[in-house]
Amino acid sequence: MRSVIKLTAAIIVCSTTATFADSNKGIKMPYIEFPMKPGKGMYSTKGKCNMCHSWGYTINQGPQSKAFWRKKVIKMIEVFHAPIKNEDIEEVVAYLYANYGNGEED
Amino acid sequence: MQRRDFFKQTLTLAGGAVVGTTFSEASQQVETLHPVDDRKVSDIAFPQKRPLITYSDRPPLLESPREVFTSPITPNDLFFVRWHMPMIPTYISKNRFTLHIHGAVERELKLSLKSLQTEFEQVELTAVLQCGGNSRTAFKPTAGGIQWGIGAMGCARWKGVRLKDVLAKAGLTKDARWIGFNGLEKAVYAETDNFVRALELEKLSDNIILAYEMNGEDLPYLNGYPLRLIIPGTYSDSWIKMISNIKVTKEKMRLHFMEHAYRIPDNECECETPDNLTQKTKPIEKMNVNSVIGYPVSGIKVKQGAELIVRGVAFDGGEGIAKVEVSTDGGTTWQEAKLDKDEAGRYAYRAFTHPITPKQGGTLSIMCRATNTKGETQPFPHEIKWNRGGYKYNGIDEVTVKVVV
């Protein structure tokens with residue numbers, strides 16, 4: 001029994017030295033819920049925006065104008081290839097503006 | 001989860017604070033105020049971090065709370081975090097990681113961490129890392145971008161190798177002009193451009209390093225493990241994390257994140273109005289002079305007649321801090337604070353202390369203002385002019401405490 005333990009210990013030592021002392025095991029990222037304000041277009045917006053990034057990333061742009069939100073949605077499509085169809089843009093913009101707007105059209 | 005717990009958790013997230021803000025018709029009035037200063041750290045800690053003010057988990061966006069700014073070095077687990085792309089490797093093998101150097105070079109290189117640590121001169125320097133949009137919440141109307149308070153900054157001792165030495169090993173071709181950098185972060189869709197930043201070769205200096213160590217330890221993953229670019233004196237938009245690729249080019253590359261992000265109006269005041277945005281813009285680059293109070297924090301109670309030591313940090317883009325002053329009468333009179341020894345170099349924080357003894361009960365305002373060796377100083381918040389990106393805020397910092405009898 002003792003020799004088995006010794007052998008096991010030797011194997012552990014060998015295998016750790018073989019990987020050149022890389023003690024890092026990586027990280028596990030937490031999931032954090034950023035609640036969305038309920039409203040018309042919420043589910044559609046959730047599917048389109050949150051598949052790539054957190055809702056926190058969206059709402060931390062601060063309350064913004066309708067034009068700002070429209071520009072952001074178009075940037076997501078053009079630069080980041082977000083799968084948002086042209087006919088769906090206004091629904092997302094309307095939800096963002098109604099719930100995270102600053103009262104300004106432009 | 002209990003409803004009450006859920007509510008509590010929401011409140012601890014910075015996002016909740018922003019959602020809860022109501023805006024009146026007057027929101028379009030152009031003005032600059034003190035940045036938001038009432039956000040609490042989240043009750044969820046990220047890996048290798050203590051709980052920080054949390055704006056997003058994907059990508060992670062974490063701000064240091066004010067208390068951190070009493071120390072000339074920011075501990076790794078309190079250091080702020082900002083990523084652009086939502087997909088970040090959560091495991092990188094130290095042994096298999098390579099840095100690829102290619103393009104307008106004589107020899108294409110793939111360097112391991114071991115070769116960086118053994119084949120080049122090892123250098124160390126202390127430098128402040130600050131997001132260009134730090135304190136963005138000061139700007140009204142709200143400027144687009146993460147709505148940071150004062151804590152999108154930190155100062156660390158970095159160890160690594162000179163970028164110049166690595167490029168010399170690859171051998172730049174005569175017509176090389178630009179150096180492009182990117183790291184391992186990825187967008188969800190593969191067709192999306194990487195977060196690539198570029199540096200003009202003429203701006204290459206001895207101080208620009210590829211760092212594999214931060215305050216004597218491996219970099220935390222969220223700060224760019226295992227290697228990141230350090231460009232002292234500049235805002236951190238080009239301090240690429242998990243840097244894996246360096247491409248040298250003859251021509252300036254067309255890059256989304258160079259042409260559209262981290263730019264300010266190219267005019268004397270670096271300002272504009274929402275109704276009249278400037279056409280010509282320039283990169284934010286060199287940091288302006290700044291200082292913040294780490295202690296006391298706003299809202300605490302202090303005792304009348306008892307000595308209180310105000311603590312904070314000051315820095316600039318590398319000219320060096322000449323003085324920090326403290327005011328307890330709303331900025332009418334100023335007293336010079338004591339600066340720590342200038343030992344960590346001109347890109348580091350200078351910590352300051354200043355004892356005060358509150359004479360009367362009630363609300364007490366404490367302000368700090370730094371001046372650099374060129375005589376540049378911090379304006380009052382309302383004197384700072386607006387820009388659409390909400391960049392380069394450096395208003396006089398202020399905390400208010402309650403003096404109890």
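Colleague: How much area do chain B and chain A bury between them?

Modeller: The size of an interface is often given as the accessible area lost when the parts come together. Here chain B and chain A bury about 3,800 Å², 62% of it on carbon and sulfur atoms; buried area is the accessible area (1.4 Å probe) that two parts lose on being put together, summed over both. This is a predicted model, in which local features need pLDDT of at least 70 and side-chain atom pairs count only at pLDDT 80 or more, while totals for chains, interfaces and linings use all residues. Residues are numbered from 1 along each chain as its sequence is written, chains are lettered from A and ligands numbered from 1 in the order in which they are written, and side-chain values use heavy atoms, with hydrogens and water left out.

Colleague: How many residues of each chain are in contact, and how many salt bridges are counted?

Modeller: Contact (heavy atoms within 4.5 Å) involves 53 residues of chain B and 39 residues of chain A. The count of salt bridges (a side-chain nitrogen of Lys or Arg within 4 Å of a carboxyl oxygen of Asp or Glu) between the two chains is zero.

Colleague: At what angle do the axes of α4(A) and α5(A) cross?

Modeller: Two packed helices are described by the angle between their axes and the distance between the axes. Helices are DSSP runs (H or I, at least four residues), as are strands (E, at least two), numbered from the N terminus. Axes are lines fitted to C-alpha atoms, for helices over the stretch in contact, and angles run from 0 to 180 degrees between N-to-C directions. The axes of α4(A) (residues 66–78) and α5(A) (residues 89–100) come within 9 Å and cross at roughly 135°. That makes α4(A) oblique to α5(A); angles under 35 degrees count as roughly parallel, over 145 as roughly antiparallel, 65 to 115 as roughly perpendicular and the rest as oblique. The residues of this contact include Trp69(A) of α4(A) and Leu96(A) of α5(A).

Colleague: How are α2(A) and α5(A) oriented to each other?

Modeller: The axes of α2(A) (residues 42–49) and α5(A) come within 9 Å and cross at roughly 105°. The two helices are therefore roughly perpendicular. Among the contact residues are Met42(A) and Tyr95(A).

Colleague: Where are the cis peptide bonds in chain B?

Modeller: One joins Arg58(B) and Pro59(B), with omega about 0°, and Pro59(B) lies in the loop between β2 (53–57) and β3 (60–63). Another joins Tyr225(B) and Pro226(B), with omega about 5°.
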